[in-house]
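Subject: A structure for you to look at

Hi there,

I am passing a structure on to you, and I hope you enjoy looking through it. Please open it alongside this note.

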Amino acid sequence: METLLIIEDEPHMLRALKDNFSLAGYQVITASDGEEGLNAALDTQPDLILLDIMLPTINGYEICRLIRDQGLDMPIIMLTAKGEETDIVLGLNLGADDYVTKPFGVSVLRARVAAFLRRRKQEQTTLHEFDGLQLDLDAHRLSRDNEEIKLSPQEFRLLAYLVENLGRVLTRDTLLNGVWGYNCFVGPRNIDRFITSLRNKVERDPKQPRCIHTVRGFGYKFEPPKGIAE
Ligand code: CA
């Protein structure tokens, strides 16, 4: 069972979230002030944290920073009040992953929580199956029906990065930094070339890609037809 920690000082909100997520099958831990919340985060190391910003004793930003200082990397979603929009960037820079603005629909928040936890599970596994392909990140092997598909080292790294970022829109710059690193001579246009050659090997019909999608104006996104199995 996955554990959520909810840190929120408003009793109604805290109770509503607790009930809702408990019903949805999560183990829910709650805290109603900053210090209690920080201690709970460090002691129990939950799978995900919902974090209010304005809290007694220690505010949400500080909690975020202290959690990351301890090397903990569970997803943190900030619960922000209207009017705190300008501070969202601060929270994201301090290590939060996402935010919702109050008032929000709990179903939207639930969907986001589920997506983060799915993605996290994804990141922790090294065997992936999608669209009839098997990708073994440890063995550096891509195959279809036990038949190996040869990839160049760079194609492999690009595919691995795409798979690990399932469902995320990745700009060419993000890909460049994530796959090749900052100090490289690969330009954004070269990314397109690598994507094309990768599609030729991965996609059944490279002209109508089912896994590696172009997101017009932004970059690329990896999202195979029926999701991805481990
Ligand atoms: Ca508050």
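Below is what was found in it, grouped by topic.

Some ground rules come before the details. This is a predicted model, where local features need pLDDT of at least 70, side-chain atom pairs count only at pLDDT 80 or more, and totals for chains, interfaces and linings use all residues. Residues are numbered from 1 along each chain as its sequence is written, and side-chain values use heavy atoms, with hydrogens and water left out.

**The calcium site**

The calcium ion is coordinated by D9 (OD), D52 (OD) and M54 (O), at 2.1 to 2.4 Å. Donors here are N, O and S atoms within 2.8 Å of the metal (3.2 Å for Na, K and Ca); water is not among the atoms, so sites may look incomplete. Along the sequence, the spacing of the donor residues reads D-x42-D-x1-M. D52 is buried, with a relative accessible area of 4%, while M54 is partly exposed at 46%. (Buried means under 20% relative accessible area, exposed over 50%, and partly exposed in between, with a 1.4 Å probe and protein chains only.)

Helices (H or I, at least four residues) and strands (E, at least two) are DSSP runs, numbered from the N terminus. Two strands pair if DSSP finds at least two bridges between them. β11 and β12 (residues 219-222) are joined by 4 bridges, and I212 has F222 in β12 as its bridge partner.

Contact means heavy atoms within 4.5 Å; axes are lines fitted to C-alpha atoms, for helices over the stretch in contact, and angles run from 0 to 180 degrees between N-to-C directions.

**Rings**

How many aromatic pairs are there? The count comes to 3. Rings of Phe, Tyr and Trp (its six-membered ring) pair if their centres lie within 6.5 Å; planes under 30 degrees apart count as stacked, over 60 as edge-to-face and the rest as tilted. One of the pairs is F21 with Y26, edge-to-face at 5.7 Å centre to centre and 65° between the planes; both residues are buried. Another is W180 with F194, which is tilted because the planes are at 45°, with centres 4.9 Å apart. W180 lies in helix α7 and F194 in helix α8, so this pair ties together parts that are 14 residues apart in sequence.

**The sheet of 4 strands**

A further open sheet has 4 strands in the order β6-β7-β8-β9, with antiparallel pairing. Its edge strands are β6 (127-130) and β9 (147-148), each pairing on one side only. Strand β8 (residues 141-144) is joined to β9 by 2 bridges, and R144 stands opposite E147 in β9. Helix α6 (residues 153-164) lies across β6, β7 (133-136) and β8, running at about 100° to β7.

Best wishes
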